[in-house]
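Student: I have a new structure to look at, and I would like to learn how to read it. Could you take me through it feature by feature?

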Amino acid sequence: MRDADLPARLAALRTRIAAACSRSGRSAGEVVLVGVSKTHPAAAVEEAWRAGLRVFGENRVQEAVAKSRELGHLPPPPEGPDWHLIGPLQSNKVRLALDLFRTIHSVDRPSIAAALDREAAARGLRLTGFLEVNVGAEESKHGFMPEGLAEAVRPLAELEHLRIAGLMAIPPQGDAVEGSRRWFVRLRELRDSLAARPEWADRWSGSGGSAGGGWLSMGMSHDFEVAIEEGATHIRVGTAIFGVRG
């Protein structure tokens, strides 16, 4: 069923993104809008695509692959949907994931980074990855811990087929919009610290960010404006585009 209100919601969202960028002295072109289409049908993805959205975030590999097959009549990226994996990835799903995804926001451990790099090498692919950081040190969440991050991820700078482009985080649940700010600041500080290290400086040079490089995937429907103000280069927005899934 067609969602007649989706184009208007997307347009309103882009206006808010532009305003947040203006407040922080940034260009709206510096922020990639990732439309979180998880749990929404392929028809909703196509509706958003026809309204101008190009990047879509999915949590589950199998759901995304099935959805992309339904949308096989659409052109490939960059004109067609560009699928980003934003949820945790199990080792046994790496091969299936690379049938679709070229950008992974949830590289949460060295072993999954190595598995992605190996599979990408076998296929002759180049992947883009974000290191997921557990900024709140929550037991229920995946990701690298902030303490000791530089040493933990240093070997990943040498991967040839998985290019680590920056950091990703999901703030602890329950924080108000302004409460998220401190976690976004923390992620930016971690990015800046890594960007100053020789193993990351050259790789991140010219990719944006206040420290000369390193992308930041942070911010969702309720707090993306604060995330933009704190340097987000990628925001992951679902409800503000697709509405609440019933």
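Student: Is helix α2 (residues 42-50) largely enclosed or open, and why?

Tutor: Helix α2 is largely enclosed by the rest of the structure, because seven of its nine residues are buried. Buried means under 20% relative accessible area, exposed means over 50%, and partly exposed lies in between (1.4 Å probe, protein chains only). Helices (H or I, at least four residues) and strands (E, at least two) are DSSP runs, numbered from the N terminus.

Student: Before we go on, what kind of model is this?

Tutor: This is a predicted model, in which local features need pLDDT of at least 70 and side-chain atom pairs count only at pLDDT 80 or more, while totals for chains, interfaces and linings use all residues. Residues are numbered from 1 along each chain as its sequence is written, and side-chain values use heavy atoms, with hydrogens and water left out.

Student: Which residues of α2 are buried, and what covers them?

Tutor: The buried ones are Ala 42, Ala 44, Val 45, Glu 46, Glu 47, Ala 48 and Trp 49. Their cover includes α1 (6-23), β2 (55-58), α3 (61-70), β3 (82-85) and α10 (239-242). Just after the helix, Gly 52 takes a positive phi of about 115°.

Student: Is Gly 129 buried or exposed?

Tutor: Gly 129 has a relative accessible area of 0%, so it is buried. Its place is in strand β5 (residues 127-132). Leaving aside residues up to four places away in sequence, Gly 129 touches Ile 104, Val 107, Leu 162, Arg 163, Ile 164, Ala 165 and Gly 166; contact here means heavy atoms within 4.5 Å.

Student: How do I read a pocket?

Tutor: Rolling a probe the size of a water molecule over the atoms shows where empty space is left. On a 1 Å grid over the protein atoms alone, a pocket is an open set of points with protein on both sides within 12 Å along at least five of seven lines, whereas a cavity is a set where a 1.4 Å probe fits but cannot get out; lining residues have an atom within 4 Å of a point. In this structure, the largest pocket holds about 520 Å³ of space. It is lined by 24 residues, and the closest to its centre are Val 36, Lys 38, Asn 59, Ile 86 and Met 220. The lining divides into eight nonpolar, eleven polar and five charged residues.

Student: And how many salt bridges does the structure hold?

Tutor: Side chains of opposite charge can pair when their charged atoms come close. A salt bridge is a side-chain nitrogen of Lys or Arg within 4 Å of a carboxyl oxygen of Asp or Glu, and the structure holds 19 of them. In one of these, the side chains of Asp 99 and Arg 123 meet at 2.8 Å, N to O. That pair links distant parts of the chain, 24 residues apart: Asp 99 is in the loop between α4 (94-97) and β4 (103-107), and Arg 123 is in helix α5 (residues 110-123). Asp 99 is partly exposed at 47% relative accessibility, and Arg 123 is partly exposed at 31%.

Student: Which residues are linked in a network of salt bridges?

Tutor: The network links Arg 23, Arg 181, Arg 188, Glu 229 and Glu 230. Within it, the closest N and O atoms of Glu 229 and Arg 181 are 2.8 Å apart. Glu 229 lies in helix α9 (residues 224-229) and Arg 181 in helix α7, so this pair ties together parts that are 48 residues apart in sequence.

Conventions
Grid points are joined across faces, edges and corners, and a volume is the space filled by probe spheres set on the points. Ala, Val, Leu, Ile, Met, Phe, Trp, Tyr, Cys and Pro count as nonpolar, Asp, Glu, Lys and Arg as charged, and the others, Gly among them, as polar.
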